[in-house]
Amino acid sequence: MSPSTEAPDGVARIEIHGVTQTYRDPRGVEFDVLAGIDLTVEPHEFLAIVGPSGCGKSTLLHLIAGFIPVTRGRIVIGGRPVEGPGPDRGIVFQDPALLPWRTVKRNVLLPLEERGVPPSHREATALELIRRVGLRGFEDFYPKQLSGGMRQRVAIARTLALDPRVLLMDEPFGALDAQTRIVMQEDLLDIWKEQRKTVLFVTHDVREAVYLADRVAVMTARPGRIKKVVHTRLPKGPDDLVETAEFADLCNDIWTLLRDEIPDRRSFAQ
Amino acid sequence: MTARAVPILLFLGLWEIVAALGFAPRDILPPVHSIAARAVALGTTGELGPNLLTSLGRAALGFVLATCAGIVLGALMSRSRAIEVFVNPVLALSYPIPKPAFFPLFLIWLGLGSPTHVAVIVTGCIIPVVISTYNGARRVNRHVVWTAQNFGMGPTRIIWRVVLPAALPDIVVGIRVALTLSFDMLVSSEMLAGQTGLGFLASYLGEGGDYEGMFAVVLMIGFLGFFADQAYGALSGRLLAPYRD
């Protein structure tokens, strides 16, 4: 394994080489969802993908996670080609996908049990992660007793319990209300600054992408391609960041790139 | 539980009054108090006890076998297209057939006795369990299964640790149907042939003209089913509490 694909702390690089994903419609006609995606996320980098609905950005994440096989091209995590799902890649979906019969603590314990962490270490690790996502005191609550934002916090804690080499996030805050979303973004950024895991974050929210990411990849409408990758990490603290003109300009630039790809708008203009 | 007992007591009271008014001959509609007295007598003569135990054993064994086999089969169907394609039509074909119709067949294979009765019970009870497990397992959120794969769990482990627990609210309903059905199948089967069990006892007493005794056994079967269902309802309610929003 070459040292450039993996940092000394095990945080890995994500390499996507010429990935094209083809599906068949019900009549058997093939169509491309993704067309020739080339993208690299460096170790410790936070990269966001924005794109119009149906552009295949979630599909790309599912390919990296190994849930579905790649039609053409190659995906490499820390020097190792993806051949299926595995705990080196942690994923958070838009829905928390928690196990309703397990309490918060036992949901976070599950990946620790599966990874074979010694029982004596599991409990302390789970409690620390629950505390880290701000849910101390809710250890013995069932998911149904929590708000949407809190459930998503459990999902994040559970994924961190895997101690993955990269984090894949598929519109994790997409179903939350605007206020909860802002708080979750701030907290995610705090956690990321501590652990500096490689993050690939899919969203349709340009502001969220600019706020969180070092770089933002803009995708085209289906079949999805990378239209442009924009550097966004601004040298300011997160709290005053959103007020700056620089932030607004970046959002505007990315929105301009994205706007032409919104299918409804294109058909309306014709 | 107590609230559910009230309509039953009212029904029995009404029965007692109608019987006392003498519209129908005592043989055809015996009053409840004499049925109860006959039940006690059947108990003391030793006619009831052994038959009751035999029947409960058959019902319990058939119900447990059907539940276990039904859950495994339903889970396999939800995970394997080949199994699903094979089992579904067979299930659809056997669904409308009254299960006691299989009795002569089981009689040839297994002989007269408990194995044949248990086989009838399993044949009847397995269907609701398979269907509910299959439907519940198929409905499990794709992201939940993916998350389990993400943790490195294999297919069998995912079924036991994730898919079946996630499908529990559906499975519980199928098992409840199977529980009530197990009494139905038991008595139907025992009435067809044999010398033991509550079904045999009820038909034996009826044929001998002991209608009070027959009513006593039939009502007892009803109460057994009722209490089993109530206990199951209470247990499953506690089990499903975390699932309910």
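How many salt bridges does the count come to over all chains? Over all chains, the count comes to 22 salt bridges, a salt bridge being a side-chain nitrogen of Lys or Arg within 4 Å of a carboxyl oxygen of Asp or Glu. This is a predicted model, where local features need pLDDT of at least 70 and side-chain atom pairs count only at pLDDT 80 or more, while totals for chains, interfaces and linings use all residues. Residues are numbered from 1 along each chain as its sequence is written, chains are lettered from A and ligands numbered from 1 in the order in which they are written, and side-chain values use heavy atoms, with hydrogens and water left out.

**View 1. Chain B on its own has 11 helices and zero strands.** Reading from the N terminus, the elements go α-α-α-α-α-α-α-α-α-α-α. Helices (H or I, at least four residues) and strands (E, at least two) are DSSP runs, numbered from the N terminus. The C-alpha trace of chain B spans about 70 × 45 × 30 Å along its principal axes.

View 2. In terms of contact (heavy atoms within 4.5 Å), 21 residues come from chain B and 24 residues from chain A.

**View 3. Three salt bridges link chain B and chain A.** Side chains of opposite charge can pair when their charged atoms come close. In one salt bridge, B:Arg161 has its closest N and O atoms 2.6 Å from those of A:Glu114. That pair crosses from helix H8 of chain B to helix H2 (residues 104-114) of chain A. A:Glu114 also meets the side chain of B:Arg157 in a salt bridge, at 2.8 Å, N to O. On the side of chain B that touches chain A, helix H7 (142-150) and helix H8 (155-166) are the elements giving two or more residues. The largest share, seven residues, comes from H7(B). By class, this side of chain B has 10 nonpolar, six polar and five charged residues; Ala, Val, Leu, Ile, Met, Phe, Trp, Tyr, Cys and Pro count as nonpolar, Asp, Glu, Lys and Arg as charged, and the others, Gly among them, as polar.

**View 4. Helices H2 (residues 32-45) and H11 (residues 211-240) of chain B pack at an angle of about 85°.** Their axes are 8 Å apart. Axes are lines fitted to C-alpha atoms, for helices over the stretch in contact, and angles run from 0 to 180 degrees between N-to-C directions. H2(B) and H11(B) are therefore roughly perpendicular to each other; angles under 35 degrees count as roughly parallel, over 145 as roughly antiparallel, 65 to 115 as roughly perpendicular and the rest as oblique. Among the residues in this contact are B:Ile35 and B:Leu42 of H2(B), plus B:Phe215 and B:Met220 of H11(B). The contact residues split into eight nonpolar, two polar and two charged.

**View 5. Helix H9 (residues 168-192) of chain B packs against H11(B) at about 170°.** Here the axes are 10 Å apart, and the angle makes the two helices roughly antiparallel. The contact includes B:Leu179 and B:Phe183 of H9(B), with B:Leu224 and B:Tyr232 of H11(B). By class, there are 13 nonpolar, four polar and two charged residues.

**View 6. Helix H3 (residues 48-79) of chain B packs with H8(B) at about 95°.** Their axes are 12 Å apart, and H3(B) is roughly perpendicular to H8(B). B:Ile71, B:Ala75 and B:Arg79 in H3(B) meet B:Ile159, B:Val163 and B:Leu164 in H8(B).

**View 7. A:Asp205 sits in the loop between strand S8 (198-203) and helix H6 (206-212) of chain A.** The side chain of A:Asp205 reaches the backbone nitrogen of A:Arg207 at 3.1 Å. A:Val50 is 155 residues from A:Asp205 in sequence, with 7.1 Å between the C-alpha atoms.

Technical notes: Polar contact = N/O pair within 3.5 Å; in protein donor to acceptor, adjacent residues only side chain to side chain.
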